[in-house]
Amino acid sequence: MNNNNNNNNNNTGTSLWQIAIQKFKRSKTGMFSFWYIVLCGFIAVFCYVLAPDNSNSANQMHLEIHSKPPGFSVQLLSIPSEVKNQQSWFSVFMKGKQNSSTEIPIKSFSVKNNQLEVIKYSDGLPKEFPASYEKYIQQKTFYLGTDKYGRDLLSRLLIGARISFFIGFIAVFISLLIGIPIGAIAGYFGGKIDDFIMWIINITWSIPTLLLVIAITLALGKGFWQVFIAVGLTMWVEVARVVRGQVITTKQQQYVEAAKALGFSDFRIIFKHILPNILAPIIVISAANFAAAILIESGLSFLGIGAQPPTPSWGAMIKNHYNYIILGKPFLALIPGLAIMSLVMAFMLIGNTLRDALDVKA
């Protein structure tokens with residue numbers, strides 16, 4: 001008897017959210033996707049700390065060594081910049097170093113008569129510098145190779161993760177901020193209010209997403225934040241439809257009727273009693289929207305109306321190098337393509353796992 005009572009107490013003490021978390025932890029694909037997303041988020045936040053080239057937008061060009069394969073190594077002479085601007089650590093953390101040194105690829109060097117003589121990588125001709133510049137020579141390895149401008153592909157890939165990752169957060173936040181109140185009002189009040197809101201939703205839904213994003217982007221202007229806002233303004237429709245359907249079903253429950261009988265305001269009933277009980281489908285649709293936002297941003301950057309150069313973006317990296325696929329250097333386009341595919345797949349897998357874990361019927 002005591003064991004049965006203890007089991008009953010344990011079962012009643014376990015909430016549905018705790019059960020969902022336990023189910024989620026048992027899914028290997030869900031946990032792998034979760035930790036992969038955490039890793040990408042860490043890279044997005046600390047990209048300038050992790051990137052070998054921490055100049056602003058990793059835009060240090062070496063045209064002499066363009067399109068080199070992964071693992072390419074070369075000696076670089078880094079000539080310090082004469083202009084010294086004071087930068088705070090926060091500015092470097094967010095935007096990278098503004099005044100990076102000029103790097104010259106060299107084949108070899110020697111010191112003669114207090115002069116540093118280097119053989120340039122580009123034309124094999126010698127060039128002289130002060131002997132003190134010898135300390136600025138270092139061996140550098142480009143682990144993922146260089147792009148067509150001779151920039152470090154790994155650094156641009158890491159910094160590009162910040163755009164792809166943060167656009168998901170901001171777009172999903174905007175879609176939730178707009179979609180949840182509109183969907184909740186439509187589902188709770190019904191009648192003409194519901195008809196009017198559904199009319200707006202259906203009109204917005206009928207416009208192709210990419211076309212609507214392009215129109216909003218052109219209206220707001222090209223740029224980093226404009227793309228974030230444009231993508232978010234096109235995703236609220238899906239959230240509103242899901243919330244509306246859930247509210248229509250949930251408002252028939254007895255606890256909602258009890259709240260009305262107690263004289264609670266409609267605002268309190270919607271946001272304190274109904275919405276907390278329909279978070280599961282909202283979380284699932286948010287994960288799907290996160291993946292969709294990454295794809296849309298990549299498509300916009302590929303078309304040239306996303307993040308503008310020299311800001312690195314995975315979509316723009318594919319655009320700049322897709323013709324290299326048939327020129328014998330497919331890695332320049334495949335590496336950012338695999339980055340997009342893996343991150344989108346991780347969000348889709350975690351969305352599927354959340355759907356199964358939060359399924360009350362299961």
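Tutor: Start with α6 and α9: α6 passes α9 in a right-handed crossing. Bear in mind that this is a predicted model.

Student: What residues make up the contact of α6 with α9, nonpolar, polar or charged?

Tutor: The contact divides into 27 nonpolar residues, five polar and one charged.

Student: And at what angle do α6 and α9 pack, and how far apart are their axes?

Tutor: The angle is about 35°, and the axes are 5 Å apart. Helix α6 covers residues 153–189, and helix α9 covers residues 224–250.

Student: Switching to aromatics. How many aromatic pairs does the structure hold?

Tutor: There are 18 aromatic pairs. One of them joins F42 and F46, whose ring centres are 4.8 Å apart.

Student: Why is the pair of F42 and F46 tilted?

Tutor: Their planes are at 40°, so the pair counts as tilted. A stacked pair would need planes under 30 degrees apart, and an edge-to-face pair over 60.

Student: What about F129 and Y133, stacked or tilted?

Tutor: Stacked, because the planes of F129 and Y133 are at 15°. Their ring centres lie 6.0 Å apart.

Student: And is F129 buried or exposed?

Tutor: F129 is buried, with a relative accessible area of 10%.

Student: Which residues do ring pairs link into a cluster?

Tutor: F165, F169, F290 and F347 are linked into one by ring pairs.

Student: Rings and charges next. Which ring does the charged end of R241 sit over?

Tutor: The ring of W205, with the charged end of R241 4.7 Å from the ring centre. Another case is R268, whose charged end sits over the ring of F264, 4.0 Å from its centre.

Student: Last one, Q60. Where is Q60 found?

Tutor: In the loop between α4 (47–50) and β1 (72–79).

Student: Why does Q60 count as buried?

Tutor: Q60 has a relative accessible area of 11%, and buried means under 20%.

Student: What lies 2.6 Å from a polar atom of the Q60 side chain?

Tutor: The backbone oxygen of S101. At that distance the two atoms fall within the 3.5 Å cut-off for a polar contact.

Notes:
Residues are numbered from 1 along each chain as its sequence is written. This is a predicted model: local features need pLDDT of at least 70, side-chain atom pairs count only at pLDDT 80 or more; totals for chains, interfaces and linings use all residues. Side-chain values use heavy atoms; hydrogens and water are left out. Axes are lines fitted to C-alpha atoms, for helices over the stretch in contact, and angles run from 0 to 180 degrees between N-to-C directions. Helices (H or I, at least four residues) and strands (E, at least two) are DSSP runs, numbered from the N terminus. A crossing is left-handed if the near helix is turned anticlockwise from the far one by less than a right angle, and right-handed if clockwise. Ala, Val, Leu, Ile, Met, Phe, Trp, Tyr, Cys and Pro count as nonpolar, Asp, Glu, Lys and Arg as charged, and the others, Gly among them, as polar. Buried means under 20% relative accessible area, exposed over 50%, partly exposed in between (1.4 Å probe, protein chains only). A polar contact is a pair of N or O atoms within 3.5 Å; within protein, one must be able to donate a hydrogen and the other to accept it, and residues adjacent in sequence count only if both atoms are side-chain atoms. Rings of Phe, Tyr and Trp (its six-membered ring) pair if their centres lie within 6.5 Å; planes under 30 degrees apart count as stacked, over 60 as edge-to-face and the rest as tilted. A charge sits over a ring if NZ of Lys or CZ of Arg is within 6 Å of the ring centre and within 35 degrees of the ring normal.
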